[in-house]
Structures are given as structure tokens and as C-alpha cells.
Amino acid sequence: MSDAIGTIASGKKTTGLQILGNDGTNSYAPKIDSTGNVSVQVSGRKATPKAITITSSTTIVANGGTESIQTAVPSGKKWTIQALQLQILNTADGGEVTGTHSVLCYITNTSGTVSIGNASSINFVKRIEYRGGFVDQTSAYLTGVIPDDHAAQTKLFNGIMLDANSQLRFDYINNTTANQTNARTLKLNVIEEDAI
Amino acid sequence: MDFNNMQIGDHFEQDGKLYILTDKSLDNDGQLVGISFQPVTVSE
């Protein structure tokens with residue numbers, strides 16, 4: 001009989017069932033209550049999948065208006081990002097809109113911010129969108145995307161851990177000639193756990 | 001910073017800059033999950 005962990009030890013004097021311990025030498029009898037159930041102690045933390053939607057619809061004025069969209073991970077919780085989608089539409093359909101609108105992405109914490117990416121759309125302003133794991137670059141007017149490689153973009157957000165002191169933030173800058181009146185939307189799929 | 005008790009239009013300071021809270025997003029349980037804000041220009 002194998003002496004692998006979890007099997008009944010051979011050559012041991014036993015009274016009833018004995019389980020070989022992690023030390024590989026000693027064996028132990030499981031505790032069985034009066035109803036015949038085996039007592040088991042389980043340790044760990046509760047993990048819950050969660051879908052987050054953050055929207056903003058306040059007008060961002062033309063020629064330099066800015067806005068930040070930021071997660072608000074509750075105190076005592078930890079989020080691990082599984083998927084992310086960001087959509088910022090063009091400032092106006094048709095017309096003579098010129099200029100640039102752009103978005104920069106940060107992780108903020110008590111000791112400062114770390115930039116993890118940015119994208120801009122120049123004249124004939126197009127939407128800025130991250131979905132399916134990469135920035136939508138079908139528009140020839142989208143420029144300055146960092147990182148610009150699809151494989152790197154896919155890895156950009158997955159697995160990032162956030163908590164109350166370390167939030168995900170997008171800074172949007174409207175340097176076009178039209179007000180930004182379309183809603184900005186950030187969607188996240190996260191695993192929420194209790195922070196240790 | 002605890003944004004739960006802040007109202008849209010309230011001012012707050014972050015990274016040494018002054019901002020105005022412009023939106024709050026809640027999940028289905030009413031838990032705050034996101035915010036948006038714009039910088040406040042202080043005229044002298």
C-alpha cells in the first residue's frame with residue numbers, strides 16, 4: 001500500500017481508520033461525532049464574482065475639460081480584475097469637430113500614481129474603446145496608444161488587484177472643439193474577497 | 001477617502017488637488033463601486 005499523503009498508513013497499529021499526516025510518518029484518527037459524521041475544518045476566504053459598472057454623464061466642456069473615473073473598492077475588500085471594458089464615444093456626430101480627446105490610465109495609491117496606458121483620437125474625433133482585451137484601433141484616427149501591441153493590451157488589466165488604498169483611475173481630457181455629452185462607461189468583472 | 005457619505009457636487013482633495021464629485025455608481029446591493037470627478041479651478 002502506498003505511503004502517499006492521504007492514504008491509510010501501512011504497518012501501523014490502528015484503532016479504526018487512520019490517516020497518514022503531512023509529515024509522512026505519523027498517522028491520525030479522524031474525529032467522528034455521535035452521528036457518524038467526520039469533523040472537518042476548512043480555512044480560506046469567501047470569493048465572489050462581481051460585475052461592476054461605473055458610468056459618468058456630466059458634460060465635459062470643450063477645449064480642455066477633464067474628468068476622472070475611478071473605482072471605489074470598499075474598505076476591507078480586495079478586487080482582482082478578470083475583464084475590463086471602457087467606452088468613451090466621440091464628442092459629436094458629424095459637424096466640424098476637430099482637436100483631440102484622450103484617456104490615461106493609472107493605479108492610484110497612497111504613495112502616488114503609476115501610469116499603465118493611454119490612447120488619443122485626433123481630428124475627426126473617434127470613440128476611444130477598450131474591449132475584448134485590446135484597444136479598438138479600427139479607426140485610423142486613433143493614435144498614441146500605449147501599449148500598442150494587442151498581446152500587451154490584453155495583459156494590461158487582467159489580474160490587477162485593487163483595494164481601498166489602490167484604485168483604478170482613468171483621466172479623460174477633452175481637447176476637441178465640442179462638449180463631451182455622451183456618457184462614459186467603465187465595466188469590470190472582478191473577484192471580490194475580504195482583504196487580509 | 002470615504003466617498004460613501006459624500007454627495008454629488010461636494011469638493012474633496014486628492015493628490016494635492018481639489019476636485020468636485022460629479023457621479024457615484026452603485027451596485028445592485030447599493031454598495032458604492034465607482035466615482036467620477038472633475039478638477040476645480042480656484043480663481044484668485
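Predicted model: local features only at pLDDT ≥ 70, side-chain atom pairs only at ≥ 80, totals over all residues.
Visitor: How many helices and strands does chain A have?

Guide: Helices (H or I, at least four residues) and strands (E, at least two) are DSSP runs, numbered from the N terminus. Chain A comes to 1 helix and 13 strands. Reading from the N terminus, the order is β-β-β-β-β-β-β-β-β-β-α-β-β-β.

Visitor: And what about chain B, how many strands there?

Guide: Chain B has 3 strands and 0 helices. Its C-alpha trace spans about 45 × 15 × 15 Å along the principal axes.

Visitor: Which strands pair with S12 of chain A?

Guide: Two strands pair if DSSP finds at least two bridges between them. S12(A), residues 166-176, is joined to S4(A) by 6 bridges, running antiparallel. In that pairing, A:Gly65 sits opposite A:Asn174. S12(A) is also joined to S6(A), residues 99-109, by 11 bridges, again antiparallel. There you can find A:Ser102 opposite A:Ile173.

Visitor: Which strand of chain B does S4(A) join?

Guide: That's S3(B), residues 32-39, joined to S4(A) through 4 antiparallel bridges.

Visitor: How many residues make up the contact between the chains?

Guide: Two residues are in contact if their C-beta atoms, placed from the backbone, lie within 7 Å. With that rule, 16 residues of chain A are in contact with 14 residues of chain B. On the chain A side, S3 (47-56) and S4 (65-71) each supply at least two residues. The largest share, 6 residues, comes from S4(A).

Visitor: Why is S3(B) described as largely enclosed?

Guide: A residue is buried if 20 or more other C-beta atoms lie within 10 Å of its own, exposed if 12 or fewer, and partly exposed in between, with C-beta atoms placed from the backbone. In S3(B), 6 of the 8 residues are buried, so the rest of the structure largely encloses this strand. For chain B as a whole, 16% of the 44 residues count as buried. In chain A, buried residues make up 24% of the 196.

Visitor: What does S3(B) pair with in its own chain?

Guide: S2(B), residues 17-26, pairs with S3(B) in the antiparallel sense over 7 bridges. B:Tyr19 has B:Pro39 as its bridge partner. The hairpin of these strands has 5 residues between them, and B:Gly30 takes a positive phi near 85°.

Visitor: Which residues touch the most other members of the largest nonpolar core?

Guide: A nonpolar core is a set of buried Ala, Val, Leu, Ile, Met, Phe, Trp, Tyr and Cys residues joined through C-beta atoms within 7 Å. The largest one has 28 residues, and A:Leu86, A:Val103, A:Phe170 and A:Leu186 touch the most other members. Strands that each supply at least two residues include S6 and S12 of chain A and S3 of chain B. S5(A) gives the most, with 4 residues.

Visitor: Where is A:Asp171, and is it buried or partly exposed?

Guide: A:Asp171 lies in S12 of chain A. It counts as partly exposed because it has 18 C-beta neighbours inside 10 Å. Leaving aside neighbours within four places in sequence, A:Asp171 is in contact with A:Thr66, A:Ser68, A:Val103 and A:Leu104. A:Val103 is 68 residues away along the chain, yet the C-alpha atoms of A:Asp171 and A:Val103 are separated by 5.5 Å.

How values were computed
Residues numbered from 1 in each chain as written. Chains lettered and ligands numbered in written order.
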